[in-house]
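Here's a quick briefing for anyone opening this model for the first time. Have a look at the sequence and the 3D view, then read on.

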Amino acid sequence: MRNECTLTGTVTDKIHPFEDAGTHEHLKYKGENLYEVTLDVARLSGSIDRMRVVIPSSLLKEKFPERIHITGAFQSRNDSRGRLILYIMTTTLEPALTIPDENRLVLSSYICKKPVFRETPLGTKITDLLLANNQYDENREEISSYIPSICWNKDAEHAGSYHVGDWIYVSGRIQSREYDKEDSKGKVHSITVNEFSIARIIRDNSKRKRAD
């Protein structure tokens with residue numbers, strides 16, 4: 001399946017190990033230790049989308065750039081607490097001191113949950129989708145990523161009538177939103193969540209997957 005992500009933006013924290021938040025295990029991919037940074041990517045409007053970028057050790061530089069241009073795949077995993085973690089698995093990385101911000105994602109995937117169509121009080125039409133995108137590890141074992149996605153207006157009207165198992169091609173960007181959450185001790189934490197904001201969606205009826 002296609003899963004092509006291109007990002008250019010500003011690194012906002014120090015590179016550190018990519019760990020399971022519950023067990024604190026240092027995670028690996030294809031035998032390599034993984035590290036992560038937070039990347040801020042500006043929209044044309046000036047708003048910022050913030051996302052987790054995961055980098056294999058072989059791509060690390062002695063001096064990590066303040067701005068980077070990467071390609072990779074938008075993936076997910078369930079941590080030991082059962083929470084869905086979204087991140088970009090990097091395949092190429094280079095400094096981007098003079099390259100403008102970029103945020104682009106192209107996927108082919110199956111719809112794996114019934115689409116939810118809604119309309120805001122202001123009349124904006126929205127459909128929420130959960131997309132399944134399959135990749136393969138070094139042993140050719142399938143790894144499925146589940147991508148929360150959203151589409152708007154005319155695309156939302158069409159997608160609202162789609163079914164579980166439909167094969168779609170989609171393009172757009174990764175967006176972020178923040179909210180505050182209070183823990184059991186009364187401390188408030190700022191939480192960032194990501195989703196795929198779809199700008200273009202095409203359904204291929206010839207590849208529909210049977211829903212169990």
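This is a predicted model: local features need pLDDT of at least 70, side-chain atom pairs count only at pLDDT 80 or more; totals for chains, interfaces and linings use all residues.

Asn153 sits in helix α1, which covers residues 153-159.

- Asn153 isn't a glycine, yet its phi is positive, at about 50°.
- Asn153 counts as partly exposed because its relative accessibility is 41%.
- His24 has a positive phi as well, near 65°, and it is a residue other than glycine.
- You'll find His24 in the loop that links β2 (16-17) to β3 (28-29).
- With 53% relative accessibility, His24 is over the 50% cut-off, so it counts as exposed.**The overall layout**
- Reading from the N terminus, the elements go β-β-β-β-β-β-β-β-β-β-β-α-β-β.
- How does the radius of gyration fit a compact globule? For 212 residues, such a globule would come in near 17 Å, and the protein chain has 18 Å, which agrees.
- Along the principal axes, the C-alpha atoms fill a box of roughly 50 × 45 × 45 Å.
- Of the 212 residues in the protein chain, 40% are buried.
- Take the contacts between residues at least 6 apart in sequence: 63% of them join residues at least 24 apart.

**Surface and charge**
- The protein chain exposes about 12,200 Å², and 48% of that comes from carbon and sulfur atoms.
- On the charge side, there are 31 positive and 31 negative side chains.
- The centres of those two sets lie 4 Å apart.

- Ser108 belongs to strand β8, residues 102-111.
- Its relative accessibility is 3%, so Ser108 counts as buried.
- What does the side chain of Ser108 pair up with? One of its polar atoms lies 2.7 Å from the backbone nitrogen of Arg2.
- Setting aside residues up to four places away in sequence, Ser108 touches Met1, Arg2, Asn133, Trp167, Ile168 and Tyr169.

**Asn134 and its partner Ser144**
- Asn134 is part of strand β10, which runs over residues 125-136.
- At 11% relative accessibility, Asn134 is buried.
- Its side chain makes a polar contact with the side chain of Ser144, at 2.6 Å.
- Beyond the residues up to four places away in sequence, Asn134 touches Met1, Glu142, Ile143 and Ser144.
- Met1 turns up in the contacts of Asn134, and Met1 is also listed for Ser108.

- Ser176 lies in strand β12, residues 167-182.
- Buried or exposed? Ser176 is buried, at 14% relative accessibility.
- Ser176 and Met51 are 125 residues apart along the chain, but 7.1 Å separates their C-alpha atoms.
- The side chain of Ser176 reaches the backbone nitrogen of Arg50 at 2.8 Å.
- Leaving out neighbours within four places in sequence, Ser176 is in contact with Arg43, Ile48, Asp49, Arg50, Thr192, Val193 and Asn194.

- Ala96 has its place in the loop between β7 and β8.
- Why does Ala96 count as buried? Its relative accessible area is 1%, and buried means under 20%.
- Not counting residues up to four places away in sequence, Ala96 touches Thr8, Arg67, Ile68 and His69.
- Arg83 is in the loop between β6 (67-78) and β7 (84-95).
- Arg83 is partly exposed, with a relative accessible area of 46%.
- Arg83 and Ser57 are 26 residues apart along the chain, and their C-alpha atoms are separated by 25 Å.
- Apart from neighbours within four places in sequence, Arg83 is in contact with Arg77 and Asn78.

Conventions: Residues are numbered from 1 along each chain as its sequence is written. Side-chain values use heavy atoms; hydrogens and water are left out. Helices (H or I, at least four residues) and strands (E, at least two) are DSSP runs, numbered from the N terminus. The radius of gyration is taken over C-alpha atoms; the globule rule is 2.2 Å times the number of residues to the power 0.38. Buried means under 20% relative accessible area, exposed over 50%, partly exposed in between (1.4 Å probe, protein chains only). Contact means heavy atoms within 4.5 Å. Accessible areas come from the Shrake-Rupley method with a 1.4 Å probe; for residues, only the protein chains shown count as cover. Lys and Arg count as positive and Asp and Glu as negative; His and the chain ends are not counted. The place of a charge is taken as NZ of Lys, CZ of Arg, CG of Asp or CD of Glu. A polar contact is a pair of N or O atoms within 3.5 Å; within protein, one must be able to donate a hydrogen and the other to accept it, and residues adjacent in sequence count only if both atoms are side-chain atoms.
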